[in-house]
Amino acid sequence: MPPGYKKDWLFGVRGGKKNKLFGFISGIPVHMSVNGKKITMAEINFLCVHKSLRTKRLAPVLIKEVTRRVNRCNIWQAIYTAGVVIPTPIAATTYYHRSLNPKKLVDVGFSHLPAKTPMARYIKLQKLPNSTSIPGLRPMETKDAKAVFHLLNAHLSKYKLNIQFTVEEVKHFLLPREGVIEAYVIEDTSKNITDFISFYSLPSSILKHPEHKILNVAYSYYMVPGRFNMSELLADALVLARNKSYDVFNALDVQEQTKEIMTELKFGVGDGNLHYYLYNWRVQAI
């Protein structure tokens with residue numbers, strides 16, 4: 001429910017004697033820039049269908065209905081992502097995973113010990129520093145919203161496809177909320193905000209394990225290098241996440257989070273991909 005959200009863009013399908021929720025889809029309005037062209041679009045997210053109905057063509061019905069509701073607001077383009085390949089992605093990225101709690105990840109089967117590597121050695125290989133290294137790093141506060149707004153939009157404007165935020169949207173999406181979003185700014189000696197780090201929480205349930213019930217997963221969100229490079233920001237983000245008791249840190253090789261930086265920081269390449277799509281707007285693949 002960000003500023004300017006449309007209540008009827010968030011809806012589901014219920015049924016049965018217990019009025020169970022069998023499907024859900026949501027959209028929010030976003031201000032996109034595509035090759036310099038400013039367009040108000042719908043960002044479609046959180047499409048989910050009950051596992052018992054996944055062969056019943058409910059997802060296309062939800063997509064068609066959300067499209068109708070968006071069109072009623074005189075918005076005709078949309079942006080969305082999917083793990084699967086459908087015609088036609090404009091960009092593709094790969095998930096990378098950095099272990100923060102290697103013993104737990106091995107215990108629950110998320111990762112495996114390398115051949116001929118004892119657990120003690122594996123833990124040592126994955127060890128992170130006890131504290132962050134960047135001076136002036138602190139949690140984002142409400143007073144920082146305007147500075148982050150300028151910093152973030154200027155950074156995103158470097159890319160052919162980017163979203164542009166308002167100050168109120170920055171507050172909604174990026175101000176720290178326990179168990180939801182972690183955001184940090186870096187101040188120089190003149191109290192200017194020069195860099196930005198953020199990641200969000202998306203825990204997973206661990207099934208049929210005698211000890212562990214939840215996997216605490218951090219996902220890299222918006223990162224803005226300035227005085228410090230992306231490698232330094234991501235390295236401190238890992239320490240911050242570890243200190244907040246996250247078990248693994250996930251990131252996409254997108255923008256300045258390159259494969260080389262991931263390898264340097266001991267991320268492992270995952271088997272998941274994320275594809276980006278535009279609806280009703282044609283561009284060349286990025």
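Is E187 buried or exposed?

Mentor: The model is a predicted one. In it, E187 is buried, with a relative accessible area of 14%. The cut-off for buried is under 20%, so E187 falls on that side of it.

Now look at the partner of E187. Its side chain meets that of R138 in a salt bridge, at 2.9 Å from N to O. R138 sits in strand β6 (residues 137-139) and E187 in strand β8, so this pair ties together parts that are 49 residues apart in sequence. R138 counts as buried too, at 15% relative accessibility. Side chains of opposite charge can pair when their charged atoms come close.

Next, take the salt bridges as a group. The structure holds 13 of them. Two other pairs are worth a look.

Start with R69 and E65. Their closest N and O atoms are 2.7 Å apart. Both belong to helix α1 (residues 58-71), four residues apart, which means about one helical turn separates them. E65 is partly exposed, with a relative accessible area of 22%.

Then go to helix α5. Here E168 forms a salt bridge with K171, with 3.4 Å between the closest N and O atoms. The two are three residues apart in α5, about one turn of the helix. E168 counts as partly exposed at 44% relative accessibility. K171 is also partly exposed, with a relative accessible area of 29%. Back at E187, salt bridges with shared partners join R138, E141, K143, D144, E187 and K191 into one network.

Stay with α5, which spans residues 167-174. Which of its residues are buried? They are E169, V170 and L174. Viewed down the axis of α5, these buried residues fall within an arc of 105°, so they line one face of the helix. What covers them? The cover includes strand β8 (181-187). It also includes β2 (20-34), α4 (145-156), β7 (161-164) and β9 (193-201).

Now the backbone. Most residues other than glycine have a negative phi, and most peptide bonds are trans. A cis peptide bond joins P87 and T88, with omega about -15°. T88 lies in the loop between β4 (78-82) and β5 (91-99). K116 has a positive phi, near 60°. Its place is the loop between α2 (102-107) and α3 (119-125), and it counts as exposed at 88% relative accessibility. K208 has a positive phi of about 55°, although it is not a glycine. K208 is in the loop between β10 (204-205) and β11 (214-215). It counts as exposed, at 87% relative accessibility.

Last, the cysteines. The disulfide count comes to zero. C48 is partly exposed, with a relative accessible area of 40%. C73 counts as partly exposed at 32%.

How values were computed. Residues numbered from 1 in each chain as written. Predicted model: local features only at pLDDT ≥ 70, side-chain atom pairs only at ≥ 80, totals over all residues. Heavy atoms only, no water. Disulfide = S-S within 2.5 Å. Buried < 20%, exposed > 50% of the residue type's maximum accessible area, 1.4 Å probe, protein only. Arc of directions from axis to C-beta. Contact = heavy atoms within 4.5 Å. Salt bridge = Lys/Arg side-chain N within 4 Å of Asp/Glu carboxyl O.
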